[in-house]
Amino acid sequence: QVQLVESGGGLVQPGGSLRLSCAASGIIVSIYDMGWYRQAPGKQRELVAAITSGGSTNYADSVKGRFTISRDNAKNTVYLQMNSLKPEDTAVYYCLAGDKITRTPRPGYWGQGTQVTVSS
């Protein structure tokens with residue numbers, strides 16, 4: 001079975017950093033496009049960052065220069081390094097494995113999510 005498990009979320013002060021992990025089993029991360037999405041209460045789920053099977057990356061304008069998506073094929077894990085965090089980054093963060101990552105969420109292999117709260 002396919003399972004994606006996010007971890008690394010928590011409470012952090014504005015300006016702080018967190019690194020989220022998405023550990024996969026049942027699929028090989030390196031042959032999928034992978035994405036990180038987030039959803040705040042009452043808001044639509046939005047794409048934050050994506051990495052293709054070839055290693056190309058894309059970011060939402062709101063996180064460019066602050067967030068970095070990466071992949072460790074040996075660990076079959078995708079990461080999201082988040083720096084200079086802002087209160088508006090507060091959300092549940094989800095990872096997705098699919099044939100193509102799009103701005104609008106679509107069916108694929110989703111993780112359960114991890115909560116990130118940025119607050120002073």
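I began with R38, which at 5% relative accessibility counts as buried, where buried means under 20% relative accessible area, exposed over 50% and partly exposed in between, with a 1.4 Å probe and protein chains only. I note that this is a predicted model, in which local features need pLDDT of at least 70 and side-chain atom pairs count only at pLDDT 80 or more, while totals for chains, interfaces and linings use all residues. Residues are numbered from 1 along each chain as its sequence is written, and side-chain values use heavy atoms, with hydrogens and water left out.

**Charged pairs**

I then searched the whole structure for salt bridges and found 5, a salt bridge being a side-chain nitrogen of Lys or Arg within 4 Å of a carboxyl oxygen of Asp or Glu. I looked up the partners of R38: one of them is E46, with the closest N and O atoms 2.8 Å apart, and E46 counts as partly exposed at 36% relative accessibility. R38 also forms a salt bridge with D89, where the closest N and O atoms are 2.9 Å apart. Because D89 lies in the loop between β8 (77-82) and β9 (91-98) while R38 is in strand β4 (residues 33-39), this pair ties together parts that are 51 residues apart in sequence. I recorded D89 as buried, at 0% relative accessibility.

**Strands**

I found an open sheet of 4 strands in the order β1-β3-β8-β7, with antiparallel pairing. Its edge strands are β1 (3-7) and β7 (67-72), each of which pairs on one side only. The twist from one strand to the next averages 15 degrees, with axes taken as lines fitted to C-alpha atoms (for helices over the stretch in contact) and angles running from 0 to 180 degrees between N-to-C directions.

I finally checked β7 against β8, which pair in the antiparallel sense over 6 bridges, and noted that the bridge partner of F67 in β8 is M82.

Definitions and conventions. Helices (H or I, at least four residues) and strands (E, at least two) are DSSP runs, numbered from the N terminus. Two strands pair if DSSP finds at least two bridges between them.
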